[in-house]
Each structure stands twice: as structure tokens, then as C-alpha cells.
Amino acid sequence: MRKLLANKIFILILVTLLIVAVIIFDLIPGSPVENITTPVSVILDPAQKLVQGAGSNISNFFSAISEGIAIRKENSDLKKQVAELQYEVQQGEEASLRWQELKDAFFIKDSFENYDIHGSTILTREADEWFSVIRIDVGKSNGISISDTTKSYAVVDAQMNLVGRIQSTDVASSKVLPILHEGFTVSAKVNTVNGAVVIVHGEVELKENGLCKVDQIPDQVFLQVGDKLVTSGDGGLYPAGIPIGEIVSVDNSSELNRYATLKPYVNIAGLKDVFVMVPKDQPAGAATLTPTPTATPAS
Amino acid sequence: MFFSTLQVTFPQVLSFRGQTADFMMVFVILTGYLFGTIDGAVIGFSMGFLRDMLSSTTLGIGMLILLYVGIFSSLLFSRKFHSRATLGFVQVILITLVYKVMGHVLYYFVPLLTGGDHMYLSTSTIIFNSILPQIAINLAVSLPMILLLTYLGPYRRGEKRIADGDRAASEEVWRIR
């Protein structure tokens, strides 16, 4: 035994088998292997935030120098705009009160009112084209955990556009599978009354151009460039009505393999903060949408 | 830890034609090449763990890849060329090339085996937008890293080369007789 342990090839085989076991166990949802990362995460996250903060400060410093003159001019323009906006705010407050009265009178439900929204900051992004998961700074300690009953959570940006879904969590952080990732799939519908239900998923070929593939288009349905897609709510993983993106091309050349490409509204490279949608006690997917929120491209 | 954090926190800062500088892999390659098998394997394993933790869907894939990268880089060239720092660049080119080619082969064939329709990148896109930019950006970051490891590394400069004789003997166990 001692001879075996002194043999480097034996140790290498042992380590390889151990890693393969970790990979297999990690593929099982809710596996305790996920907790392996927790101790490192606790140490790494503050260090990572420090690096992120330092980088932002350096970037801000240089921006401040280069943009100083432009900021002064912008400031004087903004003062004028503030005066105009204050007037609009007053009108908006009045409209808001009326909306609340109407809402109570007609029992209108807000979009996603059955969901708690957890704000979070993006900690890390892709390491290369194949290791391309995003990490955010909310985890089990914030009540976000993956189990047999809760397979995932939807992640959206500030405009409520779909960013991706939570893939795994540890105590202080979670991994988000972004919409462009080849492992990402969502059931979507064309954002019209009785719009067709299709499947949107990431594709290696399209990821580079920031696009997704749309397929499983029902017979007799012909998608058009410019069609807006939202989550359909089928499957219960994502609430219905989250804006996904817009069709940019359609290929109907093969009857058996009709597909389209979609440009997501979300600009993942420019994101700093995202929001996790956690269902309240009511069953997931029970959000009533009246009306479907307006899809807005991320700036 | 610093390199892994840097790579995944500001990927857009050090990127070329859409490819991010792979600090973690370059660090493992150079550690293995300059400091030997054990160092390469340990750093490869640790970097792989961080890579998986930070940006992989499955824990273990990065660990396995970088462990073997660390070992492979320690065996390639090191005996005949006595770990000359300049040949570290050749290591980076070769291992990045192998990594990218194997990655593309896997991403092409695995979905085919599991069935379903599948789109994949054209050969020219793979070469000009993936492999070559990745090699170029990895080479760019390997220069400061070689200097860093040579002059500020864990061993005094030349210390590992003096021990080359011992290392050659110790690496005999890797040989299949």
C-alpha cells in the first residue's frame, strides 16, 4: 500500500477518479457537493469584491478626469430638466393615486405580485467561451436555494427583461445560467393575444453574436421579424410574461426544421445588477399578468 | 486567487476579438513548466477548483482540465530544454491550441451523439475568432506572468534549474517501462 501511494501515476488516477465522482455528484440536483464551494466562497467573495471595487475606482478616477468638462455642461442642462421633471412628478403622483383607486375597484393584479424580488450584484462573469456562468451575491442566506421542489429561479434586469436562471446556490452566492448559454432553454410565447408558444434556447454558433435560437415553432405559425417574445409560463420555472427579446431573422426553408433567431433585450456584458424572482408562498407560476409589461431593450 | 478573480471580474478589459485572456490557464502552464510536476498539478487543481466555482456549470470539469494541463506542461520540453523561460511561450501556444481544439471538437460531437438538431461555428470562425485570438491574448499575458514567476515566484531564480538533475530522476516514475 505504501508503495502504491508513492507511485505518482496511482495518485493521479486516484485524484482523477475523485474529480469524476465530484462531477457526477454535482450533476445531481440538491447534491451536498454544492457545499464544497461554500468555505472558499466565504473567503473569495470579499476579496473579489475588493478587486471589483478597486477596478471600479480606478476606472471612475480616469473617467472623472476625462469627463470633467462634459459633466459641467451636462450639469447645467440637467438643472433645467429637473425643473421640468418636478412638474411631471406632481402630475405622475396624481395619476398614481387614480390608478390605485381603479386597481382596488377592479381587482387588477400587478405583474409578478406573487414574487419577491431580490436585488443582487454580479460578482463574476465568464472565464472563457466554455466556462460562461455568471455569479451573483445572493445565496441560501437570502432564502434562495435549489431543491427538488424548487428547481430554479428566474433572473431579470432592472427593466424586467429575462437575464437567465439560477443554476446553483451556496451560502453567499449563486450561479446564473445566462440566456445566451447553450444550456439555457425557456418556453416563450409571441406577445400577442393567444400568441404561439415556441422554445428559446442558447446556441454556440449564435452566442458570439449575442443571439438565441427559437425553434419548435408550431405548424401554421409563421414568426415575423420584429415579433416580441415573452416567457409563456409553461413548466412553472419562469412566471409568464417576462420580456425575452425580439425576432431578428426567420428561416422557413426546411419544413421539418423551421427556426428563428432572437436578440435578447438584456445586454449581459453591460449588466452590473440583476434581480432574482422568488415565488411567495403561492405556487410558482401563479403570477397574474394584467397587462403584460412592455418589453424594453436594455440601454 | 488574484488571477482567477481578475479574469472573471473584468473579462472585457483584457480581451481580443471576443476572447478573454485566460490568466488561470497561463498561470498553470507556466507554473508546471517552470517549477515541475507537483507544483503544476497542485496549482492546476486549485485553479481548476476556482474556475469551476466562479464560472462553470459543473464542479470538477475545470479541475480535471487544469490538473492535466499542469502535469502536461511540466513534462513537455522541461527535460531537454531545462525549463528555459522563453520556451514557456511555446508551451502557452501549444497548450492553448490543444485546449481550444479539444473544446470545439467536444462541443461539436457531444450534441450530435445526444441527438437533436445542432448548429455549430464554421471552421473559419473557429480559427479566426476563437483559436487565434485566444492564443494571441494568452501570449500577451504570459510575458508579464513569466517575469513575475521567474523573479517574484516562490523559488529563487535558477534554484529549480539547479535541481534539474534531481527532478529528472524523480520524473522517471512517470515513464512507462
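**B:Leu112 lies in helix 6 of chain B.** Helices (DSSP runs of H or I, at least four residues) and strands (runs of E, at least two) are numbered from the N terminus. The model is predicted: local features need pLDDT of at least 70 and side-chain atom pairs count only at pLDDT 80 or more, while totals for chains, interfaces and linings use all residues. Residues are numbered from 1 along each chain as its sequence is written, and chains are lettered from A and ligands numbered from 1 in the order in which they are written. B:Leu112 is exposed, because 11 other C-beta atoms lie within 10 Å. The cut-offs are 20 or more other C-beta atoms within 10 Å of a residue's own for buried, 12 or fewer for exposed, and partly exposed in between, with C-beta atoms placed from the backbone. Between B:Leu112 and B:Leu30 there are 82 residues in sequence and 35 Å in space, C-alpha to C-alpha.

**Helix 2 (residues 23-35) of chain B has 13 of its 13 residues buried.** The end C-alpha atoms of helix 2 are 17 Å apart, which agrees with the 18 Å that its 13 residues should span at 1.5 Å a residue. The expected span is 1.5 Å times one less than the number of residues. After helix 2 of chain B comes B:Gly36, with a positive phi near 105 degrees.

**Helix 3 of chain B is largely enclosed by the rest of the structure, because 16 of its 19 residues are buried.** From first C-alpha to last, helix 3 of chain B reaches 26 Å, close to the 27 Å expected. Chain B as a whole has nine helices and two strands, in the order α-β-β-α-α-α-α-α-α-α-α from the N terminus. Of its 177 residues, 44% count as buried. Among contacts in chain B between residues at least 6 apart in sequence, 66% join residues at least 24 apart; a contact requires C-beta atoms, placed from the backbone, within 7 Å.

**Chain B and chain A touch through 37 residues of chain B and 40 residues of chain A.** On the side of chain B, at least two residues each come from helix 1 (2-9), helix 3 (37-55), helix 4 (61-75), helix 6 (87-113) and helix 7 (123-152). This side of chain B has 19 nonpolar, 15 polar and three charged residues. Here Ala, Val, Leu, Ile, Met, Phe, Trp, Tyr, Cys and Pro count as nonpolar, Asp, Glu, Lys and Arg as charged, and the others, Gly among them, as polar.

**Six strands of chain A close into an antiparallel barrel in the order 6-7-8-11-10-9.** From one strand to the next the twist averages 40 degrees; axes are lines fitted to C-alpha atoms, for helices over the stretch in contact, and angles run from 0 to 180 degrees between N-to-C directions. Two strands pair if DSSP finds at least two bridges between them. Strand 6 (residues 185-190) and strand 7 (residues 197-201) of chain A are antiparallel over five bridges, with A:Thr185 the bridge partner of A:His201 in strand 7.

**Strand 11 (residues 259-264) of chain A is mostly covered, with five of its six residues buried.** Strand 11 of chain A is joined antiparallel by three bridges to strand 8 (residues 212-215), where A:Val214 has A:Ala260 as its bridge partner. Six bridges link strand 11 of chain A to strand 10 (residues 243-251), also in the antiparallel sense. A:Ser249 stands opposite A:Thr261 in strand 11 of chain A.

**A closed barrel of six antiparallel strands in chain A runs 1-2-5-4-3-12.** Its twist averages 45 degrees from one strand to the next. Strand 1 (residues 115-124) and strand 2 (residues 134-136) of chain A run antiparallel, joined by two bridges. A:Ile122 has A:Ile136 of strand 2 as its bridge partner.

**The largest nonpolar core has 47 residues.** Such a core is a set of buried Ala, Val, Leu, Ile, Met, Phe, Trp, Tyr and Cys residues joined through C-beta atoms within 7 Å. The residues with the most contacts inside this core are A:Val155, A:Val156, A:Val163, A:Val200, A:Val214 and A:Ile244. Strand 12 (residues 273-279) of chain A gives the most to this core, four residues. A second, separate core of 45 residues includes B:Val26, B:Leu64, B:Ile65 and B:Leu66. Neighbours within four places in sequence aside, A:Val200 is in contact with A:Val186, A:Ala188, A:Cys212, A:Val214, A:Leu229, A:Ile244 and A:Leu262.

Conventions
Contact = placed C-beta atoms within 7 Å.
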